[in-house]
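Reader: Hi! Could you walk me through this one before I set anything up?
Author: Happy to, here it is.
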Number of protein chains: 2
Amino acid sequence: MHDLMMRTRIAQALELPEPQKDIKISGWVRTRRDAKGFSFIELNDGSCLNNIQVIVDENTPAFSSLDKVGTGASLEVVGELVLSPGKGQRYEVKAQTLKVFGEADPETFPLQKKRHSDEFLRTIAHLRPRTNKYGAAFRVRSEAAFAVHEFFRERGYFHVHTPILTGSDCEGAGEMFRVTTLPTNEIPQNKENPFENDFFGCEANLTVSGQLEAETLAMGLGQVYTFGPTFRAENSNTHRHAAEFWMIEPEAAFATLDDMMTLGEDITRTVLDRIMTRLPNEMELFDKFVEPGLLEHLKHIVQSDFVKLPYSEAIEILSKTKAKFEYPVSYGLDLQTEHERYLTEQHFKKPVIVYDYPKQIKAFYMRLNDDQQTVAAMDLLVPRIGELIGGSQREERLDILTKRIQDLGQDPENYWWYLDLRRFGSVPHAGFGLGFERLLMLITGINNIRDVIPFPRTPNNLEF
Amino acid sequence: MHDLMMRTRIAQALELPEPQKDIKISGWVRTRRDAKGFSFIELNDGSCLNNIQVIVDENTPAFSSLDKVGTGASLEVVGELVLSPGKGQRYEVKAQTLKVFGEADPETFPLQKKRHSDEFLRTIAHLRPRTNKYGAAFRVRSEAAFAVHEFFRERGYFHVHTPILTGSDCEGAGEMFRVTTLPTNEIPQNKENPFENDFFGCEANLTVSGQLEAETLAMGLGQVYTFGPTFRAENSNTHRHAAEFWMIEPEAAFATLDDMMTLGEDITRTVLDRIMTRLPNEMELFDKFVEPGLLEHLKHIVQSDFVKLPYSEAIEILSKTKAKFEYPVSYGLDLQTEHERYLTEQHFKKPVIVYDYPKQIKAFYMRLNDDQQTVAAMDLLVPRIGELIGGSQREERLDILTKRIQDLGQDPENYWWYLDLRRFGSVPHAGFGLGFERLLMLITGINNIRDVIPFPRTPNNLEF
């Protein structure tokens with residue numbers, strides 16, 4: 001009979017309207033404590049942060065299986081769900097039978113009761129989802145992804161899958177991974193096209209952005225967004241960069257830079273708000289143990305009107321302050337993280353959208369403003385993180401876009417299909433890129449990108 | 001004033017409870033027809049399959065912009081939303097002003113009114129989202145992706161992102177893309193490790209499945225699923241294979257093969273049902289122009305109990321039939337598409353789940369049954385498509401799994417972290433892989449995988 005009984009997830013069990021005569025719970029042992037005539041097991045099944053307490057009375061059949069039960073062991077308990085007399089949990093389980101699926105030898109199981117460093121836990125990335133912090137981080141990751149999909153769907157945006165393998169290079173030059181089926185121990189003979197015998201017959205790379213392809217889809221479906229992995233072969237080891245990360249890129253026809261500022265502000269506030277509402281226990285953990293003051297800070301962001309500031313004014317503010325920066329501030333230079341953080345943390349104390357950047361420091365596809373010097377670009381900056389979103393209105397005028405490509409020393413012919421969008425029924429359109437891991441770092445307070453990705457990829461690091 | 005007015009998407013406009021004095025609609029011209037004193041424009045903005053009819057009276061300012069308006073041009077109309085006297089649409093727009101964003105030269109714009117072949121449209125994959133069929137296909141793709149997320153979330157599964165770049169090889173050997181930052185024109189000197197100077201310092205590949213990593217997450221979060229791109233470097237040109245495609249892989253702790261059969265049946269029925277309910281116009285188009293009888297067929301699937309059939313019985317049925325097959329049928333051989341289609345289309349006339357395959361033809365991680373000959377694997381087969389889902393209960397016993405790896409001639413040390421899941425708190429667990437494009441082919445009736453992916457990747461084909 002017990003084998004046929006459906007397991008109840010702990011998240012469900014704790015929400016049941018009333019106690020249950022019979023319930024089956026499975027999970028991993030977090031702790032076990034023995035008292036006279038009883039054992040108390042804290043069981044977690046990953047469905048939520050909360051454990052459920054299992055009480056094993058020496059007068060039940062369950063008691064005989066107890067010798068194998070230590071931290072990390074997995075088991076199935078059948079028993080009664082009763083109201084818990086203690087404070088904290090509403091329910092606890094009085095075990096009738098107990099089946100141990102797998103033990104965890106205390107001599108070798110790395111996750112003992114004590115707290116471990118993030119650095120150590122990265123070396124056992126296959127086990128860290130069993131800890132409170134990483135379990136919480138990955139549940140937040142899941143719910144945040146869903147909130148992103150909800151957000152766009154509510155606004156009539158269609159989810160599109162742009163290609164990961166690409167022959168085009170969106171941002172221009174360098175730092176891409178090449179994809180190949182050629183052997184390493186041969187030099188291709190055809191110098192004109194060394195990729196002649198490669199899978200695609202030409203050079204293939206991993207995408208750095210789905211934007212160009214998303215634009216083609218926006219010209220058909222009106223409003224679209226991508227949500228997929230993107231890649232950078234940058235040999236830099238910082239706490240904010242990974243070689244593989246997920247990016248969200250909305251693209252909207254009949255939209256301007258202003259529309260994207262509003263959309264960027266909306267998505268930031270909406271996702272933050274929904275995660276705080278839907279995963280209060282996880283957020284409390286982060287507030288308590290990871291980044292004290294986190295919840296107050298996030299609530300402040302949700303309630304703030306974001307500052308909108310032309311780049312020229314941002315430079316003025318940064319030039320006048322007495323704060324010391326490592327990197328120089330001057331019109332025509334890009335903002336560094338320290339500048340972004342000064343604006344959001346010190347000066348305005350809330351998120352700031354900087355817009356209308358000098359064209360020299362921005363990509364070719366950004367729309368030239370009437371001043372001929374700046375482009376309709378924006379970066380959305382948030383405290384602690386710096387740039388969360390980068391976007392622009394796209395250049396929809398064929399002649400200007402062609403000239404921008406030529407000015408870069410590139411052949412417009414390579415962009416034939418991208419230029420076709422400007423030849424046939426061109427429309428004003430705009431979009432942005434939002435780094436999903438940056439959003440998660442903002443939400444959780446976790447300050448290393450390696451700790452919001454289940455299996456992070458960085459230089460010389462491909463384990464698991 | 002008109003510039004400040006918000007645009008209304010056509011999907012929204014057609015759902016408005018009552019006519020509107022002022023409305024702004026933007027879109028691309030599908031057709032234009034002129035009559036005495038009037039022009040009629042069918043405008044589409046991608047928000048839905050339906051066009052909205054715009055009427056331009058010669059006595060309005062809008063009339064003067066009409067000379068630039070042809071098929072494919074983009075424009076913005078401000079006017080009145082009125083009840084439509086004709087049948088079909090509920091509303092039409094009486095234009096007051098009309099602004100043309102971009103023309104489309106009828107001499108060069110490839111998408112004229114006539115019907116184009118799928119083959120031709122693949123060569124202009126950047127423009128085909130503007131056609132009815134591909135617009136519909138990509139809206140279905142978006143809604144189906146959302147339905148998948150909903151499905152799992154409702155059942156307490158967490159969405160996890162497993163790595164795309166991987167050093168491990170899930171299914172064993174071959175057919176993977178290599179990822180590198182090494183130059184093509186040099187042969188690495190270190191023969192022990194030719195990847196010494198590569199980005200990761202070791203061989204890196206594109207994932208063929210997120211399963212092994214998903215298992216580690218299921219051991220922490222209980223129930224998870226991946227939904228991401230996967231890759232095969234198979235040099236085959238069929239209508240069912242692409243080098244890059246999206247896969248959905250649930251993985252559940254405390255679950256058996258039976259649970260996965262039920263989950264596979266549920267997700268198939270649920271997604272089909274929701275798409276038919278939510279996108280009736282798109283589905284009507286596919287039923288009418290792509291696969292006559294499609295809707296009836298899908299409704300039949302939604303209402304059917306799927307057949308569950310041991311592999312041995314499937315072989316028996318296939319051996320006894322008078323139907324002719326190209327490939328031989330015999331115990332110990334894998335089923336080919338023709339066999340799968342015979343079972344679902346001719347014999348049972350509904351989806352069939354074949355289970356308990358001989359261990360020789362299945363992967364090492366599948367759980368050995370008590371007969372020592374078969375493994376707890378299942379394939380869910382559907383009419384027209386063949387295999388939609390492949391899954392198994394995973395081998396959770398350390399000794400048996402280690403032996404299976406050794407029997408393949410592989411070193412268990414390479415799987416240290418995967419085996420750790422069996423060392424520490426091992427539990428019965430199971431999962432499956434569902435090819436998202438196969439699901440879309442089932443839903444839309446489109447029979448070439450290249451036509452359900454915005455920018456398909458196949459051998460020698462990396463355009464866009």
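Predicted model: local features only at pLDDT ≥ 70, side-chain atom pairs only at ≥ 80, totals over all residues.

Reader: Thanks! How many helices and strands does chain A have?
Author: Chain A has 12 helices and 16 strands.

Reader: And what box do its C-alpha atoms fill?
Author: Along the principal axes, the C-alpha atoms of chain A take up a box of roughly 85 × 60 × 45 Å.

Reader: What share of chain A counts as buried?
Author: That would be 61% of the 464 residues of chain A. As for contacts in chain A with a separation of 6 or more, 67% of them are between residues 24 or more positions apart.

Reader: Let's switch to helix packing. At what angle do α5(A) and α12(A) cross?
Author: Roughly 50°, with the axes coming within 11 Å. Helix α5 of chain A covers residues 257-278, and α12 of chain A covers residues 436-444.

Reader: Nice. Over in chain B, how do α3(B) and α12(B) cross?
Author: Helix α3 (residues 132-154) and helix α12 (residues 436-444) of chain B cross at roughly 120°, and their axes come within 11 Å. That angle makes α3(B) oblique to α12(B). The crossing of α3(B) and α12(B) is right-handed.

Reader: Who makes that contact, and what classes are they?
Author: On α3(B), Val140(B), Arg141(B), Ala144(B) and Ala145(B) take part; on α12(B), the residues are Phe436(B), Glu437(B), Leu440(B), Ile443(B) and Thr444(B). The contact of α3(B) with α12(B) divides into 6 nonpolar, 1 polar and 2 charged residues.

Reader: Changing topic: where does Asp420(A) sit?
Author: Asp420(A) is in helix α11 of chain A, which spans residues 416-423.

Reader: Is Asp420(A) buried or exposed?
Author: Asp420(A) counts as buried, because its relative accessibility is 10% and the cut-off for buried is under 20%.

Reader: So what does Asp420(A) touch?
Author: Leaving out residues up to four places away in sequence, Asp420(A) touches His126(B) and Leu127(B). The side chains of Asp420(A) and His126(B) are joined by a polar contact of 2.8 Å.

Definitions and conventions
Residues numbered from 1 in each chain as written. Chains lettered and ligands numbered in written order. Heavy atoms only, no water. Axes fitted to C-alpha atoms, helices over the stretch in contact; angles between N-to-C directions. Helix = DSSP H or I, 4+ residues; strand = E, 2+ residues; numbered from the N terminus. Parallel < 35°, antiparallel > 145°, perpendicular 65-115°, else oblique. Left-handed = near helix turned anticlockwise from the far one by under 90°. Contact = heavy atoms within 4.5 Å. Nonpolar A, V, L, I, M, F, W, Y, C, P; charged D, E, K, R; others polar. Buried < 20%, exposed > 50% of the residue type's maximum accessible area, 1.4 Å probe, protein only. Polar contact = N/O pair within 3.5 Å; in protein donor to acceptor, adjacent residues only side chain to side chain.
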